[in-house]
Amino acid sequence: MRRILPRVRRWTAYAAGLLLVTTALATVDPPAARAAADPVAVTVNARAGLATVPDTALGVNHAIWDSQLGSAETSDLLKAAGVKMLRYPGGSYADIYHWENHTAPGGYVAPDTDFDTFMAAARRVGAQPMIIANYGTGTPAEAAAWVRYANVTKGYGAKFWTVGNENYGNGHYGSAWEADDHPDKSATQYARLVVEYADAMKAVDPSIKVGAVLTMPGNWPDGITAGADPGPWNQTVLSIAGPKIDFVDVHWYPGGTAAESLARTDQLPDAAWLLRQQIARYAGPGADRIGISLTELNVDTGRTTAPGALFLADAYSGLLEQGVFTVQWWNVHNGIGSVSEVAGQTDYGDFGLLSSGGCTADGEVCEPPFDTPFAPYHALSMMNLFARAGDQFVRAGTDQPLVAAHAVRRPDGSLAVLLVNKDPDTAYPVAVDYAGFTPADEAPTVHTLTNGATGVSTGRSGSAGARTLPPYSLTTLVLRPASGSAGRPGAPGRPTAGAVNDRTATISWSAATPGAAPIAKYEVYRQRGAVSEQLGETAGTSLSVGNLEPGARYTVNVLARDTAGRVSWSSPPLTFATGSPAASACAVRFHSDTDWGNGYVATVEVVNTGPDVDGWTLTWTWPTGWQQVSSGWNGTWTQTGRDVRVTSTADNRRLAADGGSTSVGFVGAYGGPNVPPGAFRLNGTVCAVR
């Protein structure tokens with residue numbers, strides 16, 4: 001069973017002292033690195049729009065065991081890094097914390113960490129608060145009183161409130177780290193009480209947003225049903241509490257080695273897709289209003305060195321691209337852990353962005369002076385330079401798995417490109433190709449964070465099309481356009497999909513605002529990685545598109561073109577999936593019988609709705625590369641790459657006409673979000689999916 005284990009949440013006493021950080025930041029000389037021979041091909045497609053950066057994007061956790069939670073020095077460091085959301089009172093402590101008397105029975109509460117001190121710090125940082133109401137040992141009335149004190153008595157305007165923290169870790173699924181005094185620890189009971197919390201809190205201030213705790217798809221206990229719950233945690237909570245909540249709250253600790261955690265950021269688009277599918281399916285009418293926050297994030301290896309920094313920048317970007325409204329690092333200060341050397345640098349095993357200044361129990365190793373920024377802090381500063389509120393993420397990709405690319409288009413027409421070299425030993429030359437954007441013929445502004453550096457260095461150098469990325473580094477290019485954007489039409493509104501079937505869909509959008517010339521037409525594009533494929537164009541505000549693949553996922557954008565040839569920014573993205581044929585000579589029902597967090601037993605029922613079949617082959621393709629069939633029965637099973645094939649046996653080769661059926665089964669394994677296959681073929685015919 002693969003699961004997220006509790007993090008070390010206690011901390012050691014802070015040492016005195018503060019290292020002042022200035023904007024004149026030096027770097028250390030990296031060790032000699034080998035250079036790749038051929039340039040990495042990087043594609044940046046400004047026509048393929050993703051989510052817009054919200055004003056709550058860059059977040060971090062504060063905790064009540066941190067005596068410097070309210071200090072001016074710490075707050076100023078967070079402000080300088082661009083932090084715009086602060087979470088309080090601190091992970092699992094939230095489920096033992098009582099705000100009125102500022103106590104956490106069973107835990108340590110540092111002086112000067114009460115709610116008012118936290119709010120003063122948040123205001124100094126310029127960040128919105130996200131507050132965790134005590135579910136484990138609290139009550140709806142206690143949470144409502146907190147809302148009253150915060151927003152009525154004090155006028156803080158605290159908008160975001162989550163009910164509990166990792167409450168699936170209360171023992172209901174076997175592992176218990178989260179406090180929960182309720183006799184009934186089921187997902188059903190949590191959901192029922194979320195409704196009570198939301199009603200009580202919103203009765204005080206109807207303008208607040210209330211969030212419920214879910215688990216990240218692909219992470220334990222995703223997929224597991226326990227007790228009398230009607231389904232797994234997410235399904236149960238959404239089915240009951242969905243109509244009452246405004247957002248869901250998830251955490252993600254990918255675990256593994258540095259290389260493994262850095263590679264697992266590729267799972268984020270599928271995890272976000274599955275989470276939105278769960279919300280849409282189970283949360284009831286109007287579920288598209290429900291946002292997603294990711295409020296804890298960190299790694300197991302290289303927490304204070306380059307792997308943590310690279311992971312932060314890559315994961316924050318990947319999540320914000322998918323429309324997550326805040327991403328929050330665990331933690332500001334946390335304390336020294338297991339000390340090791342990572343890529344030539346001392347790693348203190350500390351979850352904090354900033355040093356706690358403490359030492360190991362034997363006194364052999366001490367952290368740098370208190371508040372010294374660790375590498376992830378500098379990566380957060382890089383994110384602040386790269387993606388700002390109001391920027392729109394656009395598609396970017398590379399042909400080298402160890403080099404990641406992200407890009408944003410800014411309201412002034414400029415473009416910023418973040419390049420992540422995840423290789424600790426190799427410097428990669430890159431060749432950057434731009435679609436839908438022509439950079440000015442000048443040296444770009446370049447922000448760089450290298451392995452062991454004490455901060456981000458900034459200068460102007462090189463060209464927009466070529467760069468060499470040092471090992472274990474972050475590089476941001478900021479590019480001005482070759483020509484201004486004056487007179488362009490505005491971007492079309494967010495598209496919607498209607499009349500979706502297995503082969504066609506109707507895409508609709510609200511009209512764009514004309515610029516200097518009338519709008520001539522709208523162009524609809526499908527994203528294929530970092531490349532756009534035009535699906536069609538129209539003078540109206542809807543388009544029927546055909547020749548789609550059954551059971552496939554599509555992300556599309558709409559652009560407006562005026563009579564002078566000027567092209568708008570991309571619309572927000574629309575992602576939808578086609579279905580299966582309404583009528584077919586076969587039908588398939590695919591369902592999971594039992595799931596244990598990284599594997600499951602599934603049954604596939606095959607029904608022949610056509611003429612007699614004597615000998616059959618069923619095929620499908622997994623949506624991801626981390627899903628596989630481990631073993632199967634009632635058929636001969638093979639998997640090649642992502643393609644699965646099961647053929648009949650002597651006992652079930654004949655399927656009678658008009659309803660003859662058989663069942664096959666398999667043990668499946670997954671190392672990330674377990675996305676179900678979208679289409680099945682029986683002897684080459686696409687089947688209806690029931």
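Modeller: Let's start with a term: a crossing is right-handed if the near helix is turned clockwise from the far one by less than a right angle, and left-handed if anticlockwise. Please keep in mind that this is a predicted model. Now find helix α5, residues 233–241, and helix α7, residues 268–282. Their axes come within 9 Å and cross at roughly 40°. Angles under 35 degrees count as roughly parallel and 65 to 115 as roughly perpendicular, so α5 is oblique to α7.

Who does the touching? On the α5 side, look for Asn234, Gln235, Leu238 and Ser239. They meet Leu275, Gln278, Ile279 and Tyr282 of α7. Sorted by class, this contact has 4 nonpolar and 4 polar residues, with no charged ones.

For another view, turn to helix α8 (residues 306–321) and helix α9 (residues 375–386), whose axes come within 7 Å and cross at roughly 35°. Here, too, the crossing is right-handed, with α8 passing α9. The contact includes Leu312, Tyr316 and Leu320 of α8, while α9 brings Leu380, Met383 and Phe386, among others. By class, the contact between α8 and α9 has 12 nonpolar residues, 2 polar and no charged ones.

Conventions:
Residues are numbered from 1 along each chain as its sequence is written. This is a predicted model: local features need pLDDT of at least 70, side-chain atom pairs count only at pLDDT 80 or more; totals for chains, interfaces and linings use all residues. Side-chain values use heavy atoms; hydrogens and water are left out. Axes are lines fitted to C-alpha atoms, for helices over the stretch in contact, and angles run from 0 to 180 degrees between N-to-C directions. Helices (H or I, at least four residues) and strands (E, at least two) are DSSP runs, numbered from the N terminus. Contact means heavy atoms within 4.5 Å. Ala, Val, Leu, Ile, Met, Phe, Trp, Tyr, Cys and Pro count as nonpolar, Asp, Glu, Lys and Arg as charged, and the others, Gly among them, as polar. Angles under 35 degrees count as roughly parallel, over 145 as roughly antiparallel, 65 to 115 as roughly perpendicular and the rest as oblique.
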